[in-house]
Amino acid sequence: MAARGFPYTDLKDFLAALERAGELRRVTVPVDPTLEISEVVTRTVRAGGPALLFERPTRGEMPVAINLFGTEKRMAMALGVDSLDEIGDRIGALIKPELPVGWSGIREGLGKVMQLKSVPPRKVKTAPCQEVVYSGDDVDLGRLPGLQVWPGDGGIFHNYGLTHTKHPETGKRNLGLYRLQQHSRNTLGMHWQIHKDSTAHHAVAERLGQRLPVAIAIGCDPVVSYAASAPLPGDIDEYLFAGFLRGERVEMVDCLTVPLQVPAHAQIVLEGYLEPGERLPEGPFGDHTGFYTPVEPFPVLHVETMTTQRNPVYHSIVTSKPPQEDHGLGKATERIFQPLLKLLIPDIVDYDLPAAGVFHNCAIVSINKRYPKHAQKVMNAIWGAHLMSLTKLIVIVDADCDVHDYNEVAFRAFGNVDYARDLLLTEGPVDHLDHASYQQFWGGKVGVDATRKLPAEGYTRGWPEEMTMSPEVTSLVDKRWKEYGI
């Protein structure tokens, strides 16, 4: 069932829906975007608290919306569903390989085609995001209440800027979510990592000796904001995906000074370019790993134009070790992309990416084990599956283990493993931000086979039967529970 008012027109529309649902609190007193907002948000997230709208930040000219996606309930509201699994089920139905059978099957197949046909982005001529225009010397990033989240951060960062680029040769668009360090009133550091598509676009532009046009949208509707974070393959357009999630097309408008399009209902848009070969030190930054990432040279965005809605709302996020707001985003990705992962690796029954593993350090996977070393086969398949290749620890359990019950998973991993035989050690790519690997960008990985072992795997002792109570006694105690007076 879609949330009331879904799909939301823009960020303000979503904030109004959150407020109606009792999921938003307005902070009416002055609060400093340097550290103070971060501490308030972190305490709120860890208490399971609401989304926040800081109406009077002491720096910048607009309110700050934050912690919008901090719970699975709000993430589901953002995507217009009661449960995040609903979207995965829709995707699973679309990718079923069966041919239509009979008239009902043909009608269902046509319905799927029409569902996809209706969701590409739609161009409009005028847009709310361009109601106010600043250009030239009037561009001042100080109008934005960017955050300094941690004491050791290198300065002010904009943490939810949706970055648009195009491949200089093919024209293929990319939408990414990267932190942006404010260097001056009109320049930003672009922290796009080595595995990201925008990095490839920039590399081509530099090879050609060309400037790379860039547009950054801040404060988009929640579906577009989520789509920017989703680990889509490079040939899938993020706005097609956002349209699929919304159930209607995303309206886009041409930028004023660069050959790119941005969401028409964004709150703020920054337009500019990267000069080939130019780099500036970026960082340090307290990231979602819980550690400061070091200073490194990154490209510099020269902002030539800034456009906004009238009375815009600035959107940001706090990053830290878990739990933090990105839990909601990560869980949405886990659930939404489950059918696609299962399409690549049909052996998978279910999987879980623990927030404590910051969603790429650990994957728990259940399988119906059918043959010797089946678990190891699945480990290797996961390490070959798009951005799942960055996973450092994979724990494989049997299908009767609930991968979301960490106590049960720990019971299997601690008790079902002979660590001399059931570990698979390998090396491969790791996340750009990984601080534990001895070399940047690659390091060691391990797979743990916590499944029941088979005689064909060399286990000859006979796997013991796990203790479970008989169904008859369980049913009896259920019926009599109130009698016991416990």
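Which β-α-β unit do β20, helix α11 and β21 make, right-handed or left-handed?

## A right-handed unit

β20, helix α11 (residues 374-382) and β21 make a right-handed β-α-β unit. Right-handed here means that, with the strands pointing away from the viewer, the path from the first strand over the helix to the second runs clockwise. Helices (H or I, at least four residues) and strands (E, at least two) are DSSP runs, numbered from the N terminus.

This is a predicted model, in which local features need pLDDT of at least 70, side-chain atom pairs count only at pLDDT 80 or more, and totals for chains, interfaces and linings use all residues. Residues are numbered from 1 along each chain as its sequence is written, and side-chain values use heavy atoms, with hydrogens and water left out.

Strands β20 (residues 362-367) and β21 run parallel and are joined by 6 bridges; strands pair if DSSP finds at least two bridges between them. Cys 362 has Leu 393 of β21 as its bridge partner. β21 also runs parallel to β23 (residues 442-449), with 4 bridges joining them, and Ile 394 stands opposite Gly 447 in β23.
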